Protein chains: 2
Amino acid sequence: MSDIFALKGDIAFSTDIQTIETRENHYLVCKDGKVEGVFDRLPEEFKDIPVTEYKNSIIIPGLSDLHVHAPQYSYRGLNMDLELLEWLNTNTFPEESKFKDLEYAKRSYEIFVEDMRKSATTRAVVFATIHTEATRLLMDLFETSGVKAMVGKVNMDRNSPEYLIETTEDSANDTLNWILETANKYQNVKPIITPRFIPTCTDELMAKLGEIQRKTKVPMQSHLSENLDEIAWVKELCPDAEFYGDAYDKHGLFGGECKTVMAHCVYSTPEEVERMKERGVYVAHCPQSNMNVASGISPVRRLLESGLKVGLGSDVAGGSSLSLFRAMTDAIQCSKLYYRIMDQSAKQLTIEEAFYMGTMGGGEFFGKVGTFLKGYAFDVVVLNEEDLPHPQEFNLKQRLERMVYLSDDRHITAKYVEGNKLF
Amino acid sequence: MSDIFALKGDIAFSTDIQTIETRENHYLVCKDGKVEGVFDRLPEEFKDIPVTEYKNSIIIPGLSDLHVHAPQYSYRGLNMDLELLEWLNTNTFPEESKFKDLEYAKRSYEIFVEDMRKSATTRAVVFATIHTEATRLLMDLFETSGVKAMVGKVNMDRNSPEYLIETTEDSANDTLNWILETANKYQNVKPIITPRFIPTCTDELMAKLGEIQRKTKVPMQSHLSENLDEIAWVKELCPDAEFYGDAYDKHGLFGGECKTVMAHCVYSTPEEVERMKERGVYVAHCPQSNMNVASGISPVRRLLESGLKVGLGSDVAGGSSLSLFRAMTDAIQCSKLYYRIMDQSAKQLTIEEAFYMGTMGGGEFFGKVGTFLKGYAFDVVVLNEEDLPHPQEFNLKQRLERMVYLSDDRHITAKYVEGNKLF
């Protein structure tokens, strides 16, 4: 017996980066965890399936967060007065070191996963810490929550404080063992190879991680061209690399057969962008973080025009908010400042483009995810508008834009991941 | 009999732009609507006064919103894809014209005032529309809400659509009559002279408004140096003005004896800044609006270093959010982009500076408002932290920064304006 049901209400979803389709009072049919279609009337074959109606609400695809640091959630919105490298040393590394204590990790990760469960995010690509035990705990919590996640045990074997560093050998071995143990363990969670960034990973470690990827075919995430000091440092550390991304590519860790997502790309050179395009490397655009740690504004318009795959990341705790709606509006606002200050030929991002990046754009990293076209995962968020009254009439497209700007987790009244109802 | 009571809990307030004082488990005493002091133990003379204790909370001064358009609240977060002048014509003017219908105005303003009542804002400087009847209605609603406001009937006698324009004569007469009628009518509300901006007000009207101000001593608000096209237009319209602000000053409407606040000042020249300083003109810094309508980034650091008085504005609906906490973090984030992109010698705003602007800085426009020094108005907001759990310990200063970044109206569990408890 197939598991079939429908949601009824006002439905909005991207079909491409320029288009948000809106369907008022339609049916969204789920069959075995996949979207069967959006219908104005239930087709004869589905006429007896259970229907849940959502009034005064908008039904949209779940959002994908392509870059978030789980252990940093505990200090989001704190000590936001430093640039990246100093911020890592002062805030991040001391906090992440606490995750060797499994009790502390549990307390912290439970808060993080519960807040993500309540959010509009249905998929996330997540950094944990170097600690494999705590990383497994985080994976267990995601599995139970119903949110789908790729979770990475972080690798760091140089330029890291002594309280948060691994030997090259341990880092590689722990990673391989952890991948073998978790690759097929969960329904909702998968491991992802996660060298923190070039400055904290020796060539030797990167080479071993490259081997592990070729053996296990696990995807990979890291940071790229985020901050000017960081880029200068990478140049010093890897004098042979043509550009920052080439330092990953030299070890076979830059897309190609296995999916790869790189956070930021604020300062990617044309050569780096070209290589990313060739290898199908995804960009996690994290505008709020780029403001908070004073990195700058990513030229997203140029990245999109170059044909790169771009999704959004909250980048907690560089970003203070877990909300991808906030990431959408931050992306639009930053693109306006980019246009105004840096390049008046760069068109500002539209709501269509921002919504696409947060749904289909990032969703693609997980496969057929992020829209309501037939065959896509039934990842759904219902946004209730009742406590945001207005005196005038809006069409559905306007209602959607409004909710992107104004909604928070209070308005998320139902959530489904691959057909599974979380609440 | 004096009205005396105390709040007990963890208290934080600015004493100057560089300093946030924190007092854990202290008493904040209110006497006849004014702050009597912050004490670690209740002084003998107050030992029998009623005490309300707020646990797991931070007690801070109420926030002052120096620039907000009440009629625009209904379309906040909508159609955010235009620059200022086009945005006014496409979104603002058609919506504002609806306020000639008092039924519509009531529906719209009730939503706005109720949301402001629930917010952390205790004082606001507000634009209404050209319609005096609807403006009086808005004043009535503020009076009932308990939030203190200066509300302005807007003046527009040129370059405005025919459905939203006044004759010079009517505009001036209506303004004078409305001021005479409302200047002493309310406990919480005062009128404020409100020429929309130079492009929509003839010299003749500005001259009449200047006369009205000299006669009534009512304060004044308007817009200044927000957008490059706007500035070019003003130069065309007022070829004799030395700079944009001089076009107000020529009519005596630029500070001096009567308080004046100018929104934005993104592109104020050194001459304009100097004049503002001479005349004590306040700046309403509205960073989110400056992003949304692609105006740019205001050089707040330079404005502050020049000795200008700077407060924050939500500038709904240029800004999408009514929250002044959001304005604080937007201000910090924008200052980081300014530092990164425009001037690496411009120091980023700190949390102390942003908090000051939202409390004492803007509060001064209303008199002794915005801190807990003795004699200041007892404007208080209580932020409850219970639903924002964290695994580690924070000091009170960290807890405050965290709430500035993370809180929303859910966390505001009590609010007092001049000793009057709103909830």
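Me: Why is B:Glu166 called buried?

Reply: Buried means under 20% relative accessible area, exposed over 50%, and partly exposed in between (1.4 Å probe, protein chains only). B:Glu166 has 10% relative accessibility, so the residue counts as buried. The model is predicted: local features need pLDDT of at least 70, side-chain atom pairs count only at pLDDT 80 or more, and totals for chains, interfaces and linings use all residues. Residues are numbered from 1 along each chain as its sequence is written, chains are lettered from A and ligands numbered from 1 in the order in which they are written, and side-chain values use heavy atoms, with hydrogens and water left out.

Me: What makes B:Lys153 and B:Glu166 a salt bridge?

Reply: A salt bridge requires a side-chain nitrogen of Lys or Arg within 4 Å of a carboxyl oxygen of Asp or Glu. For B:Lys153 and B:Glu166 the closest N and O atoms are 2.4 Å apart, and the pair therefore qualifies. B:Lys153 lies in the loop between β7 (148-152) and β8 (154-155) of chain B, and B:Glu166 in the loop between β8 and α4 (168-182) of chain B, 13 residues apart. In these names, helices (H or I, at least four residues) and strands (E, at least two) are DSSP runs, numbered from the N terminus. B:Lys153 is buried, with a relative accessible area of 0%.

Me: Why is A:Glu418 called partly exposed?

Reply: A:Glu418 has 32% relative accessibility, which places this residue in the partly exposed class. A:Glu418 also forms a salt bridge with A:Arg123, with the closest N and O atoms 3.2 Å apart. A:Glu418 is in the loop between β16 and β17 of chain A and A:Arg123 in strand β6 of chain A, so this bridge ties together parts 295 residues apart in sequence.

Me: How do you know that β15(A) and β16 of chain A pair?

Reply: Two strands pair if DSSP finds at least two bridges between them. β15(A) and β16 (residues 412-417) of chain A have four bridges in the antiparallel sense, and they therefore count as paired. A:Val380 stands opposite A:Tyr416 in β16(A). Both strands belong to an open sheet of seven strands in the order β3-β2-β1-β4-β15-β16-β17 (chain A), with mixed pairing.

Me: Why do β3 and β17 of chain A stand at the edges?

Reply: β3 (34-39) and β17 (420-421) of chain A each have a single partner strand, so one side of each is left without a neighbour in the sheet.

Me: What makes B:Arg410 and A:Asp408 a salt bridge?

Reply: Their side chains meet at 3.6 Å, N to O, and therefore fall within the limit. The count between chain A and chain B is six salt bridges.
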